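This report walks through one protein chain. Keep the sequence and the 3D view open as you read.

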Amino acid sequence: VGSEMCIRDRHKQPINKGTMKKSSLYALASAGLLLAACSDNAPKELVGTISDASMNTLTVKTLERTVTFTTEGADMQQANGLLLGSPVTVEYRGKLTDATPALKVATNPTYYQAVGSWTQPNPIDPAQRQGVELQVEGVARSIGMATLRFSTWELTTQPGHILLLGESEGSGAPAEVRMEGVISAEEGRLTLNLGDGMLLTREEE
């Protein structure tokens, strides 16, 4: 009986609240560190434009900074040639450094499709071609059209759509030109429809 009382009394000993408080704080701190580690290891994304690219590196420019990634071992199935000026999304882990390993690189497919020469037969002289050359970083150049001079192009918010800017020179002063084009695939070839009878085909490189 005395032994039983001893055990019962031991169970009723006062609890040290200070020790419990410290243990709770340690547990919360450990949980916080664990969550921070998990969060830091979770995949993140950086969205910007390509300012430079090589075989194993990719430099991305945003409004706030410029970051260089290493691309060896990254998923490049949606990289689309890494053209300069292309919008790009890079997936990575950890903190951004001068050589952060990229997990996945994806560029804008419309940008990749747009870059190149787009032409059609000249309606006056079908032996001649006319159209537009879309270069990287938004540069445009007219082909075989002296009075319609394109200078720049840009993507729109709609996939497959671009905006061409330039000027048209007729009998009066030059007038600003803004033409929206739609890229689509027809019979295995890419076409650029600018309206007003201008259905251009992308020339094979």
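Buried means under 20% relative accessible area, exposed means over 50%, and partly exposed lies in between (1.4 Å probe, protein chains only). By that rule valine 88 is buried, with a relative accessible area of 2%.

The model is predicted, so local features need pLDDT of at least 70 and side-chain atom pairs count only at pLDDT 80 or more, while totals for chains, interfaces and linings use all residues. Residues are numbered from 1 along each chain as its sequence is written, and side-chain values use heavy atoms, with hydrogens and water left out.

**The chain overall**

The chain has three helices and 14 strands. Helices (H or I, at least four residues) and strands (E, at least two) are DSSP runs, numbered from the N terminus. Of the 205 residues in the chain, 31% are buried. Contact means heavy atoms within 4.5 Å. Among contacts in the chain with a separation of 6 or more, 42% come from residues 24 or more positions apart.

**Around strand S1**

Valine 88 sits in strand S5 (residues 87–92). Two strands pair if DSSP finds at least two bridges between them. S1 and S5 pair in the antiparallel sense, over six bridges. Glycine 48 stands opposite valine 88 in S5. In S2, the bridge partner of aspartate 52 is threonine 59. Threonine 59 lies in strand S2 (residues 57–61). Is threonine 59 buried or exposed? Threonine 59 is buried, with a relative accessible area of 12%. Not counting residues up to four places away in sequence, threonine 59 touches Thr49, Ile50, Ser51, Asp52, Thr66, Val67 and Thr68.

**The eight-stranded sheet**

Strands of a sheet pair through backbone hydrogen bonds, either parallel or antiparallel. Here eight strands form an open sheet, in the order S9-S8-S7-S14-S13-S12-S11-S10, with antiparallel pairing. Strand S9 (140–143) and strand S10 (148–155) stand at the edges. Each has a single partner strand, so one side of each is left without a neighbour in the sheet. The twist averages 30° from one strand to the next. Axes here are lines fitted to C-alpha atoms, for helices over the stretch in contact, and angles run from 0 to 180 degrees between N-to-C directions.

Four bridges join S8 to S9. Glutamate 133 stands opposite arginine 141 in S9. S8 and S9 form a hairpin with five residues between them. Elsewhere in the sheet, five bridges join strand S12 (residues 175–186) to strand S13 (residues 189–195). In S13, the bridge partner of alanine 185 is leucine 190.

**Loops and positive phi**

Most residues other than glycine have a negative phi, and most peptide bonds are trans.

| Residue | Phi |
|---|---|
| Asparagine 80 | near 55° |
| Glutamate 137 | about 60° |
| Glutamate 187 | near 55° |

Asparagine 80 is in the loop between strand S4 (75–78) and S5. At 24% relative accessibility, asparagine 80 counts as partly exposed. Glutamate 137 belongs to the turn of the hairpin of S8 and S9. Glutamate 187 is in the loop between S12 and S13. With a relative accessible area of 84%, glutamate 187 is exposed.

Another loop residue is proline 123, between strand S7 (116–121) and strand S8 (129–134). Proline 123 is exposed, with a relative accessible area of 64%. Proline 123 and glycine 197 are 74 residues apart in sequence and 10.0 Å apart in space, C-alpha to C-alpha.

**The largest pocket**

Rolling a probe the size of a water molecule over the atoms shows where empty space is left. On a 1 Å grid over the protein atoms alone, a cavity is a set of points where a 1.4 Å probe fits but cannot get out, and a pocket is an open set with protein on both sides within 12 Å along at least five of seven lines; lining residues have an atom within 4 Å of a point. The largest pocket has a volume of about 150 Å³. Grid points are joined across faces, edges and corners, and a volume is the space filled by probe spheres set on the points.

Which residues line the largest pocket? They are Thr49, Ile50, Ser51, Lys61, Gly85, Pro87, Tyr111, Glu137, Gly138, Trp153, Glu154 and Leu155. Strand S1 (44–53) and S10 each supply at least two residues of this lining. The lining divides into five nonpolar, four polar and three charged residues. Ala, Val, Leu, Ile, Met, Phe, Trp, Tyr, Cys and Pro count as nonpolar, Asp, Glu, Lys and Arg as charged, and the others, Gly among them, as polar.
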